[in-house]
Amino acid sequence: MRSSAFAAGVVLLSLLGSDGASNFLRAQAAPASPFTPGRSPSQPIDEAYTRKIREYTTEPFFLSPLVDYLPASKTVPTPSVVLGDIAGAPNKLPYSKEVYEYMRLLDKASPRVQVVSIGTTEEGREMIAVAIASEALMAGLEQNRAMLAKLADPRTIGMNDAEATRIAGLAAPVYYITGTIHSPEAGAPTALMELAYRLAVDESPYVKNIRDHLITLITPIVEVDGRDRVVDLFKWHMAHPGETWPGLLYWGHYVAHDNNRDAMGMTLKLTQNVLNTYVDWKAQVIHDLHESVPYLYDNTIGDGPYNAWLDPLVTNEWQMIGWNNVQEMTRLGMPGVFAFGNFDTWSPGYLMFMAATHNGISRLYETFGNGGSAETLERTLSPSETSRTWYRQNPPLPKVMWSLRNNNNYEQTGLLVSLSYIASNRRLFLQNFYEKSKRSILKAKTEGPAAYVLSADTRRPGTQAELLRVLQKQHVEVSRASAPFSVSLPARGGRTGGREGGRTDSLANRGADSSARTTTRSFPAGSYIVRIDQPYSRIADALLDYQYWAPNDPQRTPYDDTGWTFPEGFGVEAVRVVDAKVLDVPMQRVTGEVRAPGGVTGSGPVVAINHNGDNALATLRYRLKTADMQAAEEPFEAAGRKFNRGSFLIRNVPAAELDQATRELGLAGYALSQAPSVKTHPLRAARVAVMHTWTSTQTEGWWRQALDVMQIPYDYISVQDVAATPDLNARWDVILFGPTGGSPQSIVAGLPMWRNPMPWKNSPETPNIGTWAQTDDIRPGLGFAGLANLQQFVSRGGVLVVAPGSAAFAVQFGLANGVGINSAGQSRVVGSLLRSRLVDDASPIAYGVIDSLAVLSEDGESFSVSNRLGGGGFGRFGGPAGRPTGRGTASDGDVVQGRPALEPRFEAPTPATVEPWQVAPLGDDAMRNPLNVIPPDQRPRVVLRFSAQRDLLVSGLLGGGSEIADRPIVVDAPRDKGHVVLFSINPIYRGTTIGSYFLVLNAILNFDNLNAGRKLDVR
Ligand SMILES: [Zn+2]
């Protein structure tokens, strides 16, 4: 029963103070604040400000005694100094500049406030954190940090529990609040400006208790680039009454709401800056503010399944804090405050989750916003939002006027209740913080594993280093063995996390021989060891381990991806070692970033670099723009080494220059006295365009991000640019049309052309919209002119790469002959890693890509291929082979009644077996008038398919699978002189699928030789 989740979190209404009862408290729940919310009668209030609070709040019950007044101060300015009105005033959304200006005024005016810079965004805007506490705490920040550091890393006090208890009784916890990561959820900055003021100024016992015992840390704006753009848009909307206005197309420079899915890959600056701040301050909480659900949904408690790598101590803390929050706000008379809901806490990709995976407490509010507008609007809710349920006994109202001020009241009240709860129970939560940190260290020898080992003899040192750098960004310690060593591993079922090209047949051995329980594996010196006996072991384990989401899990709607196993997605091996002896291996902590070794060995006019799928190879091609680079079309041996198909042969680069470039990029070059005798073709630095629509720019952002990281230059163009460029080939060789939303028709049609133009343009009215993507009117789509231009681009030799969403567009509009799209049917996949198999390893698209790579499938989509136009799926008649309904068993033949058995001459030949990834061979009938038969050199060439059903699931959720297994997922569809390369999986996604990037990079580097190694059908 779902309600069992409630039990652990029942708030104990106790009148006990926080002192002198700690044993009792630790055994039970923790009490709400012993102080009554409300103003101090001895402190004057700011009458004018308070009047406006009441004026802008639409109903009295949308206020609480915590925020229905503003204390006055003679020295500290209120937010109105910067805003010109109070926080949450109608029609006022401040830019980051104004928010920062105010926070810095506070810093100047109050010894209780300090503003620090915590880094910049992709577009160079500043991120800040504001610390607020009593004068005494602020003066002792460093001593406090030093105490918290000991709790954060119990190794530093020799895991001394008594010492930890002593510190927990002295130190002040740090509660880190992060605002408006999702830019159209725009209310938090003003709420946080006012909250900072209250915390600095209010002398009520309730607030003073917080200030005296806890350090509040606030990043008022997480997504600063998006913040300034959403304010631009809102101002544009206000300046153009009666006109339609665009939604916020670009939030951050790369992605929109996916900026809150980056806490695994850590690719975005905002993620890195927030985690660095959390770790640096040794904070206990990250509390992230969102706005989409009425009126306050504390979704930290959420629903199952819970993330399986977390300490139950933290999941119980969610319950305690969350239910206290609901209880206290209900007590204050605010309707619509609830927890539980439908958010599962499985994925650790959310920003707030960085606290949970780093021994703290993750928290998240959804309050009610007006979608990026600061207007006061009438809001009508759906019955599902206003119904009374067991976890929402006091639901939101069906129809109310809703203001930004209401939202700010809820945000501030909830935060004050939470701050008060942690301040009043600080000893308990600091003790928990210590225990969670300690248990993360002990984990190596209790639940395990002891370590993950990444062998020095990897085939892919560059990608291995990239994986280890992700762990380093997560503040995970990485060590390196100084001598060879061996560990014992389970003989079977010891899934190692990631493959480097081994075949999957070994899975057939599962469950075979249980007599041989262990096996020994040796690793060379220099192998990397990720020890689990370290404070941040949980994030390492969560990223390197496998995920299993049961198809019959009661949670039917996973909130995000269900599988993410990093070694699999990167295509490198990380061996999960339970054998604790691995911890005694001689090793050294790695200082500085992990980098793969590189450089050129030997001398000679030709330098060979093995194509191992390390993405730095593509970077090298563009760095040495004028170099002569060739791809070997067959494997070869040289310099006593084996080189894969696709390996680079480089000429005419000064030795020192090539040595330096390969050293910096972690690529191993071997100089040869003469070129190997192998067929080659040129690898050119293709001119790349990334094409986007004006309706869906989220998921393609990860592609741009990846290209920028790899330093591969590209032009960022819109469908409108393509419509206006008849000769696309003159400008580009490859057009990448990444994953996109919307129907194929909407890509061509764009938005409705009625009403007014909607500019997305850098202008005096909207100065924060980037010049890197702009248009006078976002409404027109690709149009038929653009479609014709694209068709011609491919026909003349261009390469168009398409992905989920854009692949459907290419198929629907006839750009990809013989390719169809299959949904998963009855099978279920939700953001899972599935096993792939190489079908045609001679295709340049497959160069360096390992067999049995794990690929990210959002929903199980796949392709089917045919050698006839419109020619359905596989099998003789376009469907799977099998006998029709009739007499006998499944393998018998039918018998027609009333006539003799057929003579052999009437029997049709037995059709050839056609696998789901193959095209059915053509019969004589088809060739009699082959109008719809695609000529052999124009037929789709399948590069990659899903594996057999038995091996299909790598990580996450897979229900069924028969409609997915064995189907094509990467197809090269020639069209006249060019190619359309189709992906049904997303090869470039959230920085977590590094192993499949090269499928796209190969299409770029081999754009004019994609037919290499192709075997044509005879008819
Ligand atoms: Zn949000």
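How many bridges join strand 29 to strand 30, and do the two run parallel or antiparallel? Four bridges join strand 29 (residues 734-737) to strand 30, and the two run parallel. The views below start from this pair. The model is predicted: local features need pLDDT of at least 70, side-chain atom pairs count only at pLDDT 80 or more, and totals for chains, interfaces and linings use all residues. Residues are numbered from 1 along each chain as its sequence is written, and side-chain values use heavy atoms, with hydrogens and water left out.

**View 1. Strand 30 and its two partners.**
Strand 30 spans residues 799-802. Strands are DSSP runs of E with at least two residues, helices are runs of H or I with at least four, and both are numbered from the N terminus. Two strands pair if DSSP finds at least two bridges between them. Buried means under 20% relative accessible area, exposed means over 50%, and partly exposed lies in between (1.4 Å probe, protein chains only).

**View 2. Ser 806 in helix 26.**
Helix 26 covers residues 806-812 and includes Ser 806. Is Ser 806 buried or exposed? Ser 806 has a relative accessible area of 0%, so it is buried. A polar atom of its side chain lies 2.8 Å from the backbone nitrogen of Ala 803. Beyond neighbours within four places in sequence, Ser 806 is in contact with Phe 737, Gly 738, Pro 739 and Thr 740. Contact means heavy atoms within 4.5 Å.

Which residues supply the protein donors of the zinc ion? They are His 182 (ND1), Glu 185 (OE), Glu 185 (OE) and His 290 (ND1), lying 2.1 to 2.6 Å from the ion. Donors are N, O and S atoms within 2.8 Å of the metal (3.2 Å for Na, K and Ca); water is not among the atoms, so sites may look incomplete. The angles among the four donor atoms run from 54 to 153°, and the site is irregular. Four donors count as tetrahedral if all angles lie between 85 and 135 degrees; four count as square planar and six as octahedral if opposite donors are over 155 degrees apart and all others between 65 and 115; anything else is irregular. Along the chain, the donors follow the spacing H-x2-E-x104-H. The pair His 182 and His 290 links distant parts of the chain, 108 residues apart. His 182 sits in the loop between strand 3 (174-178) and helix 8 (188-201), His 290 in strand 5 (residues 285-291). His 182 is buried at 6% relative accessibility, and His 290 is buried at 2%.

**View 3. The nonpolar cores.**
A nonpolar core is a set of buried Ala, Val, Leu, Ile, Met, Phe, Trp, Tyr and Cys residues joined through side-chain atoms within 4.5 Å. The largest has 267 residues. Val 582, Leu 620 and Leu 736 touch the most other members. Apart from it lies another core of 32 residues, including Ala 689, Val 722, Val 748 and Leu 787. Leaving aside residues up to four places away in sequence, Leu 620 touches several residues, among them Ile 609, Met 629, Ile 650 and Leu 658.

Strand 35 (residues 862-865) is covered on both faces. Ser 862 and Ser 864 are buried on one side, Phe 863 and Val 865 on the other. Strand 31 (residues 819-822) pairs with strand 35 in the antiparallel sense, over four bridges. Asn 822 has Ser 862 as its bridge partner. Arg 967 lies in the loop between strand 37 (953-959) and strand 38 (968-975). Its relative accessibility is 14%, so Arg 967 counts as buried. The C-alpha atoms of Arg 967 and Ser 864 are 6.7 Å apart, although 103 residues separate the two in sequence.

**View 4. Helix 18 under cover.**
Helix 18 (residues 537-544) has eight of its eight residues buried. Among them are Arg 538 and Asp 541. The covering elements include helix 16 (426-442), strand 11 (451-454) and helix 19 (566-570).

Methods. Polar contact = N/O pair within 3.5 Å; in protein donor to acceptor, adjacent residues only side chain to side chain.
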